[in-house]
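Let's take a friendly walk through this model together. Have the sequence and the structure open as you read.

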Amino acid sequence: WYPVLRDLGIVEKPFEELSGYRRRKTLKTMLSEDQLDAENHPFITAVTTRIQPAGPESADNEYAIALDMAILDETVSVTRPATIERSDDSFVVRTHGPLKFSDFGIEPFSRLFGAVKYEDEFHVFAHVEAHVVKSDAR
């Protein structure tokens, strides 16, 4: 996904390759009770509440999508730009934007008096594809 995320301005350089140990340690930390508490909150959800054209001067495939994002017990309502590409039998929706862990009641991970820490801001990127399934049942 790096080329897409770079073109959207989300990242400037490729992601650092993590060793198996660092990947496991980071995953364990992020899923821990102090962070995402995955054992008690196994899902992060996004519910689309509204899709509307982005504006009179925007391209035909540009929209504003309103989402209710839920992490832990906090729900944050956001509106993000989105593109929707349609064909006769499918469509692709892409949206992205920054959020903050603190908006969801999560204090970003920090150790050694802040010498090791994660940023409060994180980016969400969603790519959803839907295809028409033709059925003989009528």
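## A glutamine in a loop

Where is the place of Gln35? You will find Gln35 in the loop between helix 2 (20–31) and strand 1 (45–53). Please keep in mind that this is a predicted model.

Is Gln35 buried or exposed? Its relative accessible area is 7%, under the 20% cut-off, so Gln35 counts as buried.

## Aromatic rings

Two aromatic pairs are present in the structure. In one of them, the ring centres of Phe104 and Phe122 lie 6.4 Å apart with their planes at 45°, so this pair is tilted. Distant parts of the chain are linked here: Phe104 sits in the loop between strand 4 (90–100) and strand 5 (110–111), while Phe122 belongs to strand 7 (residues 121–131), 18 residues apart.

Both Phe104 and Phe122 are buried. Together with Phe101, they make up one aromatic cluster.

## The nonpolar core

Phe104 and Phe122 turn up again in the largest nonpolar core, which has 14 residues. Strand 2 (62–71) and strand 3 (74–86) each contribute at least two core residues, and strand 2 gives the largest share, four residues.

Which residues does Val78 contact, leaving aside its neighbours within four places in sequence? They are Ile65, Ala66, Leu67, Met69 and Leu99.

Methods
Residues are numbered from 1 along each chain as its sequence is written. This is a predicted model: local features need pLDDT of at least 70, side-chain atom pairs count only at pLDDT 80 or more; totals for chains, interfaces and linings use all residues. Side-chain values use heavy atoms; hydrogens and water are left out. Rings of Phe, Tyr and Trp (its six-membered ring) pair if their centres lie within 6.5 Å; planes under 30 degrees apart count as stacked, over 60 as edge-to-face and the rest as tilted. Buried means under 20% relative accessible area, exposed over 50%, partly exposed in between (1.4 Å probe, protein chains only). A nonpolar core is a set of buried Ala, Val, Leu, Ile, Met, Phe, Trp, Tyr and Cys residues joined through side-chain atoms within 4.5 Å. Contact means heavy atoms within 4.5 Å.
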